[in-house]
Amino acid sequence: MPSSFVGFGIIGSVLLLSNMSFTGPSMASGGKTASKAFDFGKTVVVKPKGKHQATVVWLHGLGDNGSSWSQLLETIPLPNIKWICPTAPTRPVTLFGGFPSTAWFDVEELSEDAPDDLEGLDAAATHVANLLSTEPADIKVGIGGFSMGAATALYSGACFSVGKYANGNPFTSNLSAVVGLSGWLPCAKRWGKELEGVDGAADRAAALPILLCHGKADDVVSHKYGEKSSHALSSLGFKDVTFKSYSGLGHYTIPQEMDEVCAWLSSKLGLDTSSSSLK
Ligand SMILES: *[C@@H]1O[C@H](CO)[C@@H](O)[C@H](O)[C@H]1NC(C)=O
Ligand SMILES: *[C@@H]1O[C@H](CO)[C@@H](O)[C@H](O)[C@H]1NC(C)=O
């Protein structure tokens, strides 16, 4: 692994946050932005090195981009996965006092208690579904991400089980796995009602495997939000939720965590791990 691996994820997120006093009293917000189309940034694709069996869209954290994660994903030993790493739109972020940054949705604070930007979440989740829409039918698809990318991935997982986005449009991808690192489930209070009485929702929730990983020393998205999100998902009827905690880990990733992600994805996506699949 390259030596930069350990610090990965801090880049563009903690560094940016650290000079914005985000833990202080909430900053004056410039008010809600008007409804508009979002310009998503560059998408980088990491091609499978072996036989293509699954495609995973991976979503970066606040202020980061798809290219930086693609460099890490390029190095992890999952030769049967195609990674699609999009870049969020650059938009004014309320957390930064309206300063523009790449963000999947607007945030006031990085927590499950924050008011939810449903329009931004829907736009991001729809962008992800569009990226997956051209995958062949025999390819399993999943969504993963870090920090607010994880929040977007979990939002997509919840929309998948409900069968639609908040705006009412149908959710069309057939997700086989969702991974969230150092993130949270947005609109935690909304889903119970949404899932009620929807045909097939309980079955989709029960069948969708979800992996949540969180550092115990995370000072950007508190470990307790990750833990609470995991409990919320379980009580909503997601029956295959795994929550992993890492002592001493802050708001970034480490090889041990990525190893866990690899093993979990191999198992949940039924990837061929025999040596012949490597080349
Ligand atoms: C992507 O983000 C990294 C930091 O995370 C930065 O060094 C790099 O310049 C960015 N690349 C692009 C294309 O914006
Ligand atoms: C969705 O994918 C699962 C495998 O992950 C498969 O069993 C199921 O039949 C698929 N459903 C549809 C509607 O394609």
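1. Residues 24 or more positions apart account for 78% of the contacts in the chain with a separation of 6 or more, where two residues are in contact if their C-beta atoms, placed from the backbone, lie within 7 Å. The model is predicted, so to speak of local features a pLDDT of at least 70 is needed, while side-chain atom pairs count only at pLDDT 80 or more and totals for chains, interfaces and linings use all residues. Residues are numbered from 1 along each chain as its sequence is written, and chains are lettered from A and ligands numbered from 1 in the order in which they are written.

2. The chain has 8 helices and 9 strands; these are DSSP runs numbered from the N terminus, with helices being H or I of at least four residues and strands being E of at least two. Of its 279 residues, 48% count as buried, a term that requires 20 or more other C-beta atoms within 10 Å of a residue's own, whereas exposed means 12 or fewer and partly exposed lies in between.

3. S1 pairs with strand S3 (residues 81-85) in the antiparallel sense over 3 bridges, and Val46 has Trp83 in S3 as its bridge partner.

4. Strand S4 (residues 90-93) and strand S5 (residues 99-102) run antiparallel and are joined by 4 bridges, with Pro92 standing opposite Pro100 in S5. The two strands S4 and S5 form a hairpin with 5 residues between them, and Gly97 in the turn has a positive phi of about 65°.

5. Most residues other than glycine have a negative phi. Ser182, however, has a positive phi of about 55° and lies in the loop between S7 and helix H5 (191-195), where Ser182 is buried, with 33 other C-beta atoms within 10 Å. Cys187 has a positive phi of about 50° and is placed in the loop between S7 and H5, but Cys187 counts as partly exposed because it has 18 C-beta neighbours inside 10 Å.

Note on methods:
Pairing = 2+ DSSP bridges.
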